[in-house]
Amino acid sequence: MSIRMALAAGIVAACGVPAAASAQVITHRDVGVRMGLTIALAALDQCEQDGNSVSVAVVDRAGRLRVFLQSDKANPHNIELARRKAYTARTFGRTSADWAKRTAELPEISAQRQLDDVIALRGGIPIKIGNETIGGVGVSGANSEGDEKCAIAGLAKVADQLK
């Protein structure tokens with residue numbers, strides 16, 4: 001048995017696997033459900049105030065849907081569009097409008113448009129603390145300018161928490 005243990009230790013050392021002493025717990029900031037609700041409600045309120053029935057999605061740092069709200073008269077397809085706008089903003093750490101423009105102008109990254117769940121439409125805004133992207137908010141149902149305006153209004157509601 002000791003030969004097997006020595007052999008295993010040698011293989012681990014040869015492969016460059018870090019020793020247990022350098023193992024660490026990873027901590028990170030993320031979008032909690034209450035922050036997501038605050039963002040989504042503020043975005044929904046802004047859009048309804050502007051006369052638009054929309055869907056609002058908030059995703060966390062892993063791109064998972066945390067909160068979803070829909071106006072009473074929103075169209076059914078807005079559900080998926082809002083989620084994909086939020087996911088796109090989270091994934092690329094920039095607005096979905098900026099990402100759409102970049103992928104249209106730069107042929108070397110245009111293939112990113114083939115990825116699942118991304119969408120080249122305005123209305124997705126990343127949720128950031130400094131340069132760290134911790135989530136995204138997406139709005140669908142107004143015009144593209146209105147979607148983005150509402151998403152920005154949602155983020156403004158939690159701006160003090162994102163410093």
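# Contacts, core and salt bridges

Biologist: Which residues does Lys 85 touch, not counting residues up to four places away in sequence?

Modeller: Contact here means heavy atoms within 4.5 Å. Neighbours up to four places away in sequence are left out. For Lys 85 that gives Ser 96, Ile 119, Leu 121, Arg 122, Gly 123, Gly 124, Gly 138, Val 139, Ser 140 and Asp 147.

Biologist: What kind of model is this?

Modeller: Residues are numbered from 1 along each chain as its sequence is written, and side-chain values use heavy atoms, without hydrogens or water. Local features need pLDDT of at least 70, side-chain atom pairs count only at pLDDT 80 or more, totals for chains, interfaces and linings use all residues, and the model is predicted.

Biologist: Is Lys 85 buried or exposed?

Modeller: Lys 85 lies in helix 3, residues 78-92 (helices are DSSP runs of H or I, at least four residues; strands are runs of E, at least two; both are numbered from the N terminus). The classes are buried under 20% relative accessible area, exposed over 50% and partly exposed in between, with a 1.4 Å probe and protein chains only. Lys 85 has 3% relative accessibility, so Lys 85 counts as buried.

Biologist: Which element gives the largest share of the largest nonpolar core?

Modeller: That core has 23 residues (buried Ala, Val, Leu, Ile, Met, Phe, Trp, Tyr and Cys, joined through side-chain atoms within 4.5 Å). Two or more residues each come from helix 2 (33-49), strand 1 (55-60), strand 3 (124-129), strand 4 (132-140) and helix 5 (144-156). The largest share is six residues, and they come from helix 2.

Biologist: Which residues is Ile 39 in contact with, leaving aside neighbours within four places in sequence?

Modeller: Ile 39 is among the residues with the most contacts inside the core. Sequence neighbours within four places are set aside. The partners of Ile 39 are then Val 58, Ile 127, Val 137, Gly 154, Leu 155 and Val 158.

Biologist: Is Gln 49 buried or exposed?

Modeller: Gln 49 also belongs to helix 2. Its C-alpha atom is separated by 9.9 Å from that of Cys 150, 101 residues apart along the chain. With 65% relative accessibility, Gln 49 counts as exposed.

Biologist: What is the angle between the planes of Phe 92 and Trp 99?

Modeller: The whole structure holds one aromatic pair (Phe, Tyr or six-membered Trp rings with centres within 6.5 Å; planes under 30 degrees apart are stacked, over 60 edge-to-face, the rest tilted). Trp 99 counts as buried, at 1% relative accessibility. The Phe 92 and Trp 99 pair is stacked, 5.0 Å centre to centre, and the planes make an angle of 20 degrees.

Biologist: How many residues apart in sequence are the parts tied together by Arg 83 and Asp 117?

Modeller: Their side chains meet in a salt bridge, 2.9 Å from N to O (a Lys or Arg side-chain nitrogen within 4 Å of an Asp or Glu carboxyl oxygen). Arg 83 lies in helix 3 and Asp 117 in the loop between helix 4 (96-105) and strand 3, so the tied parts are apart in sequence by 34 residues.

Biologist: Where is Arg 61, the salt-bridge partner of Glu 132?

Modeller: The closest N and O atoms of Glu 132 and Arg 61 are 3.0 Å apart. Glu 132 is in strand 4, 71 residues from its partner, and Arg 61 is in the loop between strand 1 and strand 2 (65-70).
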